[in-house]
Amino acid sequence: MIQKTLSTILFSLVLICSGLAQSSLSTDRLTRYDAYFQNEIDEGRLPGVVTLVYKNGEKVHESALGYNDFSAKTPASSDQIYYIQSMTKPIITAAFMMLYEEGHFFS
């Protein structure tokens, strides 16, 4: 359960970061992401979500919603340390896409 939740959170963060990097930063969009995550928490699909967005080296958004520990009802905090597994997949995927964009896979 925890691994699936962490995977969902990481996937969501990748989508947020990639969407924001490709366009100008919109506070309305960030507000909609927070509302989406709050709805997921309210519906019981996620125990909590912590997001942090940097753009051009500056922190532009930080949010902690839901719980760090659902059973103890400990509120989410942005300074919590999380144990993250299986992080090689997004790193390898990003490296693969960079090589692809440089044309290394064409004959």
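**Aromatic rings and a loop serine in a predicted model**

Phe96 is found in helix 3, which spans residues 88-101, and the model discussed here is a predicted one.

Me: Is Phe96 buried, partly exposed or exposed?
Reply: Buried would require under 20% relative accessible area and exposed would require over 50%. The relative accessibility of Phe96 is 41%, so this residue counts as partly exposed.

Me: Which residues make the nonpolar surface patch of about 600 Å²?
Reply: Residues of such a patch need over 30% relative accessible area, and Phe96, at 41%, is partly exposed. The patch of about 600 Å² is made by Phe96, Met97, Leu99, Tyr100, Phe105 and Phe106.

Me: How many aromatic pairs does a search of the whole structure find, and what is the angle between the planes of Tyr67 and Phe70?
Reply: The search of the whole structure finds four aromatic pairs. One of them joins Tyr67 and Phe70, with the ring centres 5.7 Å apart. Planes over 60 degrees apart count as edge-to-face, and this pair is edge-to-face with an angle between the planes of 75°.

Me: Is the aromatic pair of Phe96 and Phe105 stacked, edge-to-face or tilted?
Reply: A pair of aromatic rings is described by the distance of the centres and the angle of the planes. For Phe96 and Phe105 the centres are 4.7 Å apart and the planes stand at 35°. Stacked would need planes under 30 degrees apart and edge-to-face over 60, so the pair of Phe96 and Phe105 is tilted.

Me: How far is the charged end of Lys73 from the centre of the ring of Phe70?
Reply: The charged end of Lys73 sits over the ring of Tyr67, 5.0 Å from its centre, and Tyr67 is itself partly exposed at 30% relative accessibility. The charged end of Lys73 also sits over the ring of Phe70, and there the distance from the ring centre is 3.7 Å.

Me: Which residues does Ser77 touch, not counting residues up to four places away in sequence?
Reply: Ser77 lies in the loop between strand 3 (74-75) and helix 3, and at 22% relative accessibility it counts as partly exposed. Ser77 and Ala64 are 13 residues apart in sequence, yet their C-alpha atoms are 5.4 Å apart in space. With residues up to four places away left out, Ser77 touches Val50, Ala64, Asn68 and Tyr82.

Note on methods. Residues are numbered from 1 along each chain as its sequence is written. This is a predicted model: local features need pLDDT of at least 70, side-chain atom pairs count only at pLDDT 80 or more; totals for chains, interfaces and linings use all residues. Side-chain values use heavy atoms; hydrogens and water are left out. Patches are made of residues with over 30% relative accessible area and no salt bridge: like charges are joined within 9 Å, nonpolar side chains (Val, Leu, Ile, Met, Phe, Trp, Tyr) within 5 Å. Accessible areas come from the Shrake-Rupley method with a 1.4 Å probe; for residues, only the protein chains shown count as cover. A salt bridge is a side-chain nitrogen of Lys or Arg within 4 Å of a carboxyl oxygen of Asp or Glu. Helices (H or I, at least four residues) and strands (E, at least two) are DSSP runs, numbered from the N terminus. Buried means under 20% relative accessible area, exposed over 50%, partly exposed in between (1.4 Å probe, protein chains only). Rings of Phe, Tyr and Trp (its six-membered ring) pair if their centres lie within 6.5 Å; planes under 30 degrees apart count as stacked, over 60 as edge-to-face and the rest as tilted. A charge sits over a ring if NZ of Lys or CZ of Arg is within 6 Å of the ring centre and within 35 degrees of the ring normal. Contact means heavy atoms within 4.5 Å.
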